[in-house]
Amino acid sequence: MIPLQKVKDIISKHNNLEKELSSGKIEPKLFAKKSKEYSNLGNIISTAKEYLNFDNEKKDLEQILQDKNNDLEIIEMAKKDLIEMESRKLKFENKLKIFLLPRDEDDDKNAIVEIRAGTGGLEASLFCADLFKMYEKVCSKKKWQIEIINISKSEAGGYKEIIFLVNGNDIYSYLKYESGVHRVQRIPKTETQGRVHTSAATVVVLPEAEEVDIQIKDTDLRIDVFRAGGPGGQSVNTTDSAVRITHLPTGLSVSQQDEKSQHKNKAKGMKILRARLYELERSRIDQERSKDRKSKIGTGDRSERIRTYNFPQGRITDHRINLTLHKLEEFLEGEVFDEMIESLTLQAQEESLSRLN
């Protein structure tokens, strides 16, 4: 049962924001924040208003049932309406509970996605490239922008590692459940006897951290410059443009050599380092808060096998929620990706609700 005052507070806050936004007196830097809050409340406001009316509806129906002057047909209709109303009220209550759940403050941030080839040699690097293409197609459909931060190619034409930034609205909330080990089962192009091989790639999704999110002192950094290695055009590997940044207190190190400019490499490296330090601090706080429980979904365990892509059977299975879709090709094209994400999000919400009850 949700306290009615909490529901009234939602309606009151929505009304107050509406007045503020239409007044024209809000500072420009606060306008975007309040507009987003107003839009967010707008998704639940009709549910909140109708939920408040349920008690009055229930009283009216109970009066009909208690009135001995009513004929049997009217009483039966009132009984049926009462059952339907209670069912609707339960759905609305669950919707409001989900809305009132503590929200991950990083959900509306951009995301830095790191994909690395795992077990399986060259085949794993090809799978790494397939995963990137899949995310690229998902982002394209949603009109999100991708910025490549770092690429390390393999001899087979795949990726040993690829790191990219996704820009848009509420990116982290959508992609955060992708963190973990993705396993592929298929016949590699190099396999001459038609045997199915199993390979893996690790995906890490980090919320993009701004300078206001985490402070890094210059004295805590060691910056080394060196000549970029590997294939490069013009002056990429003929000048000391590559940068390695080491955060001395934690030992975290980031190397960046994609750009010809040392300055650009340093900026990209700092973007990755800031996100990793921010995630390190988030993980520490989460562990302190939840020593007594572990979410089945999880978003941070990089060693957890979360999904299997089985090509011979054309299926994809998410092991955290035991969901299997026989639409592997469509999934890799980004066509049914939402179906998987919605199921993961719903499961995570149900876990959070069960801890509240």
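## Two sheets in a predicted model

Strands β4 (residues 180–186) and β5 (residues 197–207) run antiparallel and are joined by seven bridges. Within this pairing, His182 stands opposite Ala201 in β5. Please keep in mind, as you look around, that this is a predicted model.

**The eight-stranded sheet**

Where do β4 and β5 belong? They sit in an open sheet of eight strands, whose order is β2-β3-β1-β5-β4-β9-β10-β11 and whose pairing is mixed. At its edges are β2 (145–153) and β11 (323–325), each of which pairs on one side only. From one strand to the next, the twist averages 15°.

In the strand order, β1 stands between β3 and β5. On the β3 side, six bridges join β1 to β3 (residues 159–167), and the two run antiparallel. Here Ile112 stands opposite Leu165 in β3. On the β5 side, seven bridges join β1 to β5, again in the antiparallel sense. Ala117 stands opposite Ala201 in β5, and Ala201 is also the residue that His182 faces.

**The three-stranded sheet**

Which strands make up the other open sheet described here? Three strands form it in the order β6-β7-β8, with antiparallel pairing. Because β6 (221–226) and β8 (252–256) stand at the edges with a single partner strand each, one side of each is left without a neighbour in the sheet. The twist in this sheet averages 15° from one strand to the next. Strand β7 (residues 242–247) pairs with β8 over five bridges, in the antiparallel sense. One of the residue pairs to look for is Arg244 with its bridge partner Ser255 in β8.

Here are the strand pairs with their bridges, side by side:

| Strand pair | Bridges | Direction |
|---|---|---|
| β4 and β5 | seven bridges | antiparallel |
| β1 and β3 | six bridges | antiparallel |
| β1 and β5 | seven bridges | antiparallel |
| β7 and β8 | five bridges | antiparallel |

**A closer look at Tyr159**

Is Tyr159 buried or exposed? Its relative accessibility is 15%, and since buried means under 20% relative accessible area, Tyr159 counts as buried. Which residues does Tyr159 touch, leaving aside its neighbours within four places in sequence? Among them are Ala117, Ser125, Cys128, Ala129 and Phe132. Further contacts of Tyr159 include Ile151, Ser152, Lys153 and Ser154. Arg186, by contrast, lies 27 residues from Tyr159 in sequence and 18 Å from it in space, C-alpha to C-alpha.

**The whole protein**

Stepping back, the secondary structure of the protein comes to nine helices and 11 strands. The radius of gyration is 26 Å, well over the 21 Å that the globule rule gives for 357 residues, so the protein is more spread out than a compact globule. Along its principal axes, the C-alpha trace spans about 95 × 60 × 40 Å.

How much of the protein is buried? Of its 357 residues, 39% count as buried. The accessible surface comes to about 20,500 Å², and 48% of it belongs to carbon and sulfur atoms. As for how the chain meets itself, 63% of the contacts between residues at least 6 apart in sequence join residues at least 24 apart.

How values were computed. Residues numbered from 1 in each chain as written. Predicted model: local features only at pLDDT ≥ 70, side-chain atom pairs only at ≥ 80, totals over all residues. Heavy atoms only, no water. Pairing = 2+ DSSP bridges. Helix = DSSP H or I, 4+ residues; strand = E, 2+ residues; numbered from the N terminus. Axes fitted to C-alpha atoms, helices over the stretch in contact; angles between N-to-C directions. Rg over C-alpha atoms; globule rule 2.2 N^0.38 Å. Buried < 20%, exposed > 50% of the residue type's maximum accessible area, 1.4 Å probe, protein only. Contact = heavy atoms within 4.5 Å. Areas by Shrake-Rupley, 256 points an atom, 1.4 Å probe, with all protein chains shown as cover.
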